[in-house]
Amino acid sequence: MKLLRIGAPGTEKPAALVDDTHYADLSDVVSDFDEEFFGSGGLNRIAPIVAQRAASGAVLPLGDQRIGSPIARPHQIICVGLNYADHAAESGQAVPDEPILFTKSPNTLIGPNDDVRIPRGATKPDWEVELGIVIGKRTTYLDTVEQAAEHIAGYVLVNDVSERAFQMERGGQWLKGKSAETFNPAGPWLVTQDEVADVRDLGMWLDVNGIRRQTGSTSTMIFDPYFIVHYISQFMVLEPGDLINTGTPPGVGLGFNPPIWLQVGDVMTLGIEGLGTQRQTVIAPR
Ligand code: ZN
């Protein structure tokens, strides 16, 4: 299934995409795609309903309605840093022996085509196309990497927008450069695991103003999604609906010489094979 949330910010309705241009509204059977939904077996519950509505033509045209983040605000967003060897190199950092983890404020989450706002005082705003993992059930101390698959609801395209000066020049920890308002576009849909042929072989790209900046593939990840979920579960409890941003391939603005930073009016377009595309316009600080 491809799950999405449609409508104005804060009042999105849960739905499932049934073809390229139509969706089945699910707001009569599901309140939201949130912790309660994923944790109570919601995916299994709605699957026959979506199939029945698609078959009977009980669908609506998507048109130009706003699409929100495909998941409600999660309990936490965890990010993996430097998870592509070639991106570590362009950042001038060593390939890590273990995943680098940092958190991103959950209220950064926005729709895939919403505006990205430059924070006050920012001088080095940057982009990062990434594969996002959405957790399907409560996850703690997994015994094996293989078990991780049972704990993943699906995958989502994300842009881990970053302000490099806040991240690296303002003392300790990356949180400051990652948690500004609007810094986590997600979507357009959550693609359930069964519809992703091989999560370890997905092409990904990001353009700024139509110029290709990032080209990569999940096949060059240092730590794959199953490893990451197992690994994180040894340190903290993952809740249903939690989001994990799994790191970015080469081609971020920081990696250019001289670096390229986002400017007001820039347009970012990005995509991952099978997970859809996004488009954000960069707007001025408040
Ligand atoms: Zn990132």
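The side chains of Asn245 and Asn184 are joined by a polar contact of 3.0 Å, a polar contact being a pair of N or O atoms within 3.5 Å in which, within protein, one atom must be able to donate a hydrogen and the other to accept it, with residues adjacent in sequence counted only if both atoms are side-chain atoms. The model is predicted, and local features need pLDDT of at least 70, side-chain atom pairs count only at pLDDT 80 or more, and totals for chains, interfaces and linings use all residues. Residues are numbered from 1 along each chain as its sequence is written, and side-chain values use heavy atoms, with hydrogens and water left out.

Asn245 belongs to strand 17, where helices (H or I, at least four residues) and strands (E, at least two) are DSSP runs numbered from the N terminus. Its relative accessible area is 0%, so Asn245 is buried; buried means under 20% relative accessible area, exposed over 50%, and partly exposed in between, with a 1.4 Å probe and protein chains only. Not counting residues up to four places away in sequence, Asn245 touches Ile77, Ile78, Cys79, Val80, Lys104, Glu130, Leu131, Val158, Asp160 and Asn184, contact meaning heavy atoms within 4.5 Å.

Ser162 lies in strand 12 (residues 162–163) and is likewise buried, with a relative accessible area of 0%. A polar contact of 2.8 Å links the side chain of Ser162 to the side chain of Lys178. Leaving aside neighbours within four places in sequence, the residues in contact with Ser162 include Lys124, Pro125, Asp126, Glu128, Gln167, Gly177 and Phe183. For the pair Ser162 and Phe183, the separation is 21 residues in sequence and 7.0 Å in space, C-alpha to C-alpha.

**Helix 5**

Helix 5 (residues 225–232) is largely enclosed by the rest of the structure, because 7 of its 8 residues are buried. These buried residues are Pro225, Tyr226, Ile228, Val229, His230, Tyr231 and Ile232. The elements that cover them include strand 5 (77–81), strand 6 (100–104), strand 10 (129–135), strand 11 and strand 17 (243–245). At the start of helix 5, a side-chain oxygen of Asp224 comes to within 3.0 Å of the backbone nitrogen of Tyr226.

**Domains and the spaces they line**

The protein is divided into domain 1 (2–61) and domain 2 (77–283), the bounds coming from an automatic or database domain assignment. The centres of domain 1 and domain 2, taken over C-alpha atoms, are separated by 25 Å, and 8 residues of domain 1 are in contact with 14 residues of domain 2.

Pockets and cavities are found on a 1 Å grid over the protein atoms alone: a cavity is a set of points where a 1.4 Å probe fits but cannot get out, a pocket is an open set with protein on both sides within 12 Å along at least five of seven lines, and lining residues have an atom within 4 Å of a point. Grid points are joined across faces, edges and corners, and a volume is the space filled by probe spheres set on the points. In the table, Ala, Val, Leu, Ile, Met, Phe, Trp, Tyr, Cys and Pro count as nonpolar, Asp, Glu, Lys and Arg as charged, and the others, Gly among them, as polar.

| Space | Volume | Lining by class |
|---|---|---|
| Largest pocket | about 310 Å³ | 6 nonpolar, 6 polar, 7 charged residues |
| Second largest pocket | about 170 Å³ | 4 nonpolar, 5 polar, 2 charged residues |
| Largest cavity | about 110 Å³ | 6 nonpolar, 7 polar, 5 charged residues |

Of the 19 residues that line the largest pocket, Gly10, Glu12, Arg73, Leu109 and Ile110 lie nearest its centre. Domain 1 and domain 2 each contribute at least three residues to the lining of the largest pocket.

The second largest pocket lies between domain 1 and domain 2, because both give residues to its lining. Among the residues that line the second largest pocket are Phe38, Leu43, Asn44, Lys137, Glu150 and Ile152. Helix 1 (35–39), helix 2 (42–56) and strand 11 (152–159) each supply at least two residues of this lining, and helix 2 gives the most, with 3 residues.

The structure holds 1 cavity of 30 Å³ or more. The largest cavity is lined by 18 residues, of which Leu82, His87, Glu128, Gln167 and Trp174 lie nearest its centre. Strand 5 and helix 4 (164–168) each supply at least two residues of the lining of the largest cavity, and the largest share, 3 residues, comes from helix 4.
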